[in-house]
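Grab a pencil and work through these exercises with the model open beside you. Each task comes with a solution in steps.

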Amino acid sequence: MFVHYLRNHSIHAALLAAIVTMALATGPGCRSVVDGSRDLTELASTPPKEKPEKPPRSSAKLPAETDPAVEAAEVVLAASVVQTSETALRPQHVQSRGWYLDHGVPVYQAVAQRSTRWRHSALESLLDQPESPQATLENGTKSNNPEIAATALIGLVRGGYAVESRRLAELIEDPEVAFTTKAALLEALAMTSPKQAKPIVEKLFQEKEAIIGVAEATDEVVALALEQQFWISLAMVLPVDQQASVLIDNFSQVAPPLQGTLLDLLMFHRSTEPDAITEHFDQLSPQAIRRLGLWEPYLRSVASLETLIAQTRSPEFASRANATIGLGRDGSAAAQAMLKEITDKDPTLVQVAAVFAWSLIPGHEEWSRLSEASSWRVRLAVAELVPLQSKYQAVFARLKEDNSRQVREAMIQRSPELVAQQKRSPEVLPRAAKPKEIPTLSAEEVVAILDLIEKAEHASGETERTDARRALLLKPEAVLAAVDQAAEPLVSYNNPYLFDVLLPQCDPAYRHLQEATSGDPKLTLSALRKLEQQSRQADLPELVVWRLQSHVEQFTPMTWPVLMEVIRSDQREAAQQIVRRALAHDNPQVRIAAYRYIADFPLEDVSSQVQDGLRHEMPNVRVAAIEALASVNGPASIDDFVGRLTDSDIDVQMAACRALDAQGDPRGLDHLSRMTYSSSKSIRLKAVQAIASRKQAGDIPLLIRVMDDETAIRSAALDGLSSIVPKDQWPGAISDAISLEAKCAAWKNWFDRQAGQSQREILSPSG
């Protein structure tokens, strides 16, 4: 019996040894569930190296010697991690050589900034070293281990070195490479030259089902991430128009998690026309969209302006932030007005989302104001997203000297790209088509055209109506001239043929007018945006503006702000009538737009209505009312401005200071001077910036005094001194090479040396 036990025991031991040997020989693509009794730190640490077995004496050949440089590169680039899957109960030890997905970087952000989402701690540590890692990475590509070679190739791509795209594709197709590494290779492939990468990515995309099918059998979470990366890489190498069509055509064929990815990729494609995706979501309720897990990408990429504005006040933080990003995707005047309010008043993290939204809107002038935000998180977002264009040099300089290390590093890191971009030749923008000149008709010619218009609709005989319509269609310029010269009487003229058939064929503005007055909110909003774009290039036909004025009752709080942008620079009577109606509107954004119009183009008999805005509950309305009142009734409103110096909002106080200063009242400057002693840094900064913008020689002592304040305030004071003092009289030590502290010391020494001279003598230009 004892012998039988020993025999069975030896068999069990042999089986156990065989199982352990097979487990140790498992390839790099496998994974094992971590034992719950073992410590996570122990699992994450590198296991001790086992002694290599001696080769059998009977072997005739010795193994080929490995290059020591390649071995050293393998040691540097090798890694393993403990990952926590969203669907797993315990952490999982994944033998993926260290590649993992950073869920903290959203797809839309990675695409916008061309940043990476797949991480590798060993590789990132190597790339962060001050010495060039090129030699180590090139040696790593020679490794016989495909995981090490793949990591080295990805490192070369991220370091900006040339890599053969075909080599990346070969490793993606290699069955020995882990799926997480394949996804990182796909990401790197999309960052190479689009001309070389496009056919390779398209070929891999056609074969993705086979690769993903194998991954699903191993790890469904990794398989989903890999499929998402296939779509992201394909979108990044396709032209914009082709990208949009491919994503829209395939949207209904993929699962909801992938639909969210496709929506984020489509966020950068603007289209005012409805497509299959918008029609798909129009049929779903908000509750259904939430159940599918698409609520946040829906807000970012599809939701209408009305939904976005409503969700910016949602109690759910995620809805507020994503609706804010959606405003940037919308990009309309109403959306921009809402974004300005958000960047002034909302919590910091929503303001960060607003910075990303501003990055989606081209041509705005908000970057300078955003770079002066009190929160370092907002300034960091600005440093990461501000366009690298020469006109933002002042913003770059301010952020490079920011008092936050993260902000400074983010801006300095982008500087080489700025230099490279400035060396490129500027792109030649296509010129806008010159609008056709409308002839001026005599009174008799106008009457003749109007008579034909009357016959075309109201003549009793069919033949007479047909002849009149044919005659009108043969001379569209004359028709446009006639209705433009008789615009106001034609506003209430009932002639369906004129407004629904004839004029839309003569000028696209009348087609947009027809849609804007249709009564459909979505159609109205889209049409007003088109009219807004057309008004920026040339004045709209006067009859269009009069017809808009006659339909203002049907415009909603969502469409009114866009209507105000349509007439933003129009000084004709019809536009002024719309402005007068807007002065009493309940929507604060509409009233602000009306006040801004009046500030640029003063109207008569509106002072009392503008004064009502000084008591509005929203600070932005009060600011705009002060600016408008200063334009229409400045000298008579000084008492109103003085009363606003004690306003609860600092921006209202600043507006009152500017209004008093414009009238020559010293109380405005006195108040600014007092604000430089405030305990709030943001108030001191705004006061110094306002004083510097005056460019008055008498403000030099005040600017010198604040040079002992914090970094941003000192920078503002330096900018003010540089604009006041002629350049040939600057301190000799001033240069871009010295630090901010050295610049401040040079200016203070300069001021001390000039103390005995009269200010006029100091500032008189030489020669």
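**Exercise 1.** Work out what share of contacts in the protein chain, between residues at least 6 apart in sequence, join residues at least 24 apart.

*Solution.* Start with the rule: a contact means heavy atoms within 4.5 Å. Next, keep the pairs at least 6 apart in sequence; of these, 62% join residues at least 24 apart.

Some housekeeping: this is a predicted model, where local features need pLDDT of at least 70 and side-chain atom pairs count only at pLDDT 80 or more, while totals for chains, interfaces and linings use all residues. Residues are numbered from 1 along each chain as its sequence is written, and side-chain values use heavy atoms, with hydrogens and water left out.

**Exercise 2.** Find the helices and strands, then the buried share.

*Solution.* Take DSSP runs, with helices (H or I) of at least four residues and strands (E) of at least two, numbered from the N terminus. That gives 46 helices and 5 strands in the protein chain. Now for burial (under 20% relative accessible area, 1.4 Å probe, protein chains only): 46% of the 767 residues qualify.

**Exercise 3.** Describe the lining of the second largest cavity.

*Solution.* On a 1 Å grid over the protein atoms alone, a cavity is a set of points where a 1.4 Å probe fits but cannot get out, and lining residues have an atom within 4 Å of a point. For the second largest cavity, the lining includes Ala110, Arg114, Glu187 and Met236. Then look at the helices: α4 (107-113) and α12 (220-237) each give at least two lining residues, with α12 supplying the largest share, 3 residues.

Note on methods:
Buried < 20%, exposed > 50% of the residue type's maximum accessible area, 1.4 Å probe, protein only. 1 Å grid on protein atoms, 1.4 Å probe; cavity = no way out; pocket = protein on both sides within 12 Å on 5 of 7 lines; lining within 4 Å.
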